[in-house]
Amino acid sequence: MKSNKVLMAMVAVVLMFICGSALVIAQEPEFVWRMQVIHSVGQSDFKQNQQTAEEIYKASNGRLKIEVHPTGTFASSLEAFQACSAGVFEMHSSWPAYIKGIEYAFLPLCTGNMTPDAHDIWVWLYEAGGWDLYQKAFDKVNLKMLAVEVWGTEVLMANRPFAGVFEMKGTKMRTSDPRLLARLGISGIALPLEEVFTGLATGSVDSAEFGHLAYNEGLGLTDITKYGIWPDFWNVHNTTTVVVNKDAWNKLPQDLQMIVELAFKAREFQHWSKSQYESAVLMKKLRDSGKMEFLRLDSADFAKMRQAMYEIEQEDIKKYGGLTKEVYESKYRFMELWYPYKYMSRWWGWDVSPEEQLGYTPQGK
């Protein structure tokens, strides 16, 4: 009998706690923010931002509600950073290269031809000054940076099986960074997200890069192409950023600021891991069905291409100076230190085949 009373008392306490928490959550939020992301509702990136917003709502006991909206809700993809800066909405997630017209340094900050891989970018961001340079650029547009999402390896979508870069000479390629392509004899066309599918489907471009394989499936690009081609030399591990209007940010109490920062930073790596795993699953599915073939460009010309890109970067420094020069020089110092270590300490499986990495031959091979 005594044990039953104790149990009933414990249940009552739990119910009081649950009801009490529900009452707090049920109150009107102190702050309601609108967040426009570059993604559409069906893409995993959109859902991930929604999940983060829900967790912030719970962690803040309902004090801060972030409403996540898909691309184009309040402003076009090319105007969204400016709209967020002006307070049209409070938060935004997209590619900072879209505002290189305001500050050119956003281009070398978040993308580039023949540039470092994801691992390198994270080390530069967190250990070698990259984060501070990003924020220095965003200071010019009234935005605070909360997170940097390094994108998975991009894939070129095409209906021709290019085996080498110079086979692409004379073709038209959709890209967000056409600088090196011009030197390779390839016409780089910078179509925004909204026009990529139509451009490829109508033949306005012969090939298109946009995102990793799973993201391109969401755009419908895997439905209208026969080949997926790596490695990404055109837009290497591009980054999106999560930013907030500084005026809105400064109105938040410090505890809510910390909750928001920690929540979005906690998703940075998962953004990459999810994209890569989903792309691996999709590649197997497309390959097994015979719907697509996957190729890898010959690497014989990559060293010369990197030298050509360095010359382009030097031209950028001469033309734009300022923060652009500061970003490039920061990256050069980092790469000079990092690349020898990275090469010497590389993973044991770097130079062997997938089967040799496994140590066995998978069934069905």
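I started with the sheet: five strands make an open sheet in the order E2-E1-E3-E10-E4, with mixed pairing. Strands here are DSSP runs (E, at least two residues), helices too (H or I, at least four), numbered from the N terminus; two strands pair if DSSP finds at least two bridges between them.

Next I noted the edges, strand E2 (64-69) and strand E4 (143-150), each pairing on one side only. Neighbouring strands of this sheet are turned by 20 degrees against each other on average, direction ignored. For angles, axes are lines fitted to C-alpha atoms, for helices over the stretch in contact, and values run from 0 to 180 degrees between N-to-C directions.

A note on sources: this is a predicted model, where local features need pLDDT of at least 70 and side-chain atom pairs count only at pLDDT 80 or more, while totals for chains, interfaces and linings use all residues. Residues are numbered from 1 along each chain as its sequence is written, and side-chain values use heavy atoms, leaving out hydrogens and water.

Then I looked at E3 (residues 91-94) and E10 (residues 239-245): they pair in the antiparallel sense over four bridges. His-92 stands opposite Val-243 in E10.

Which helices pack on the sheet? I found H5 (residues 118-127) touching E4 and E10, its direction at about 150 degrees to that of E4. H12 (residues 268-289) also touches E4 and E10, but its direction makes about 30 degrees with that of E4. Contact means heavy atoms within 4.5 Å.

Last, I zoomed out: the protein has 15 helices and 11 strands, and its C-alpha trace spans about 80 × 55 × 45 Å along its principal axes.
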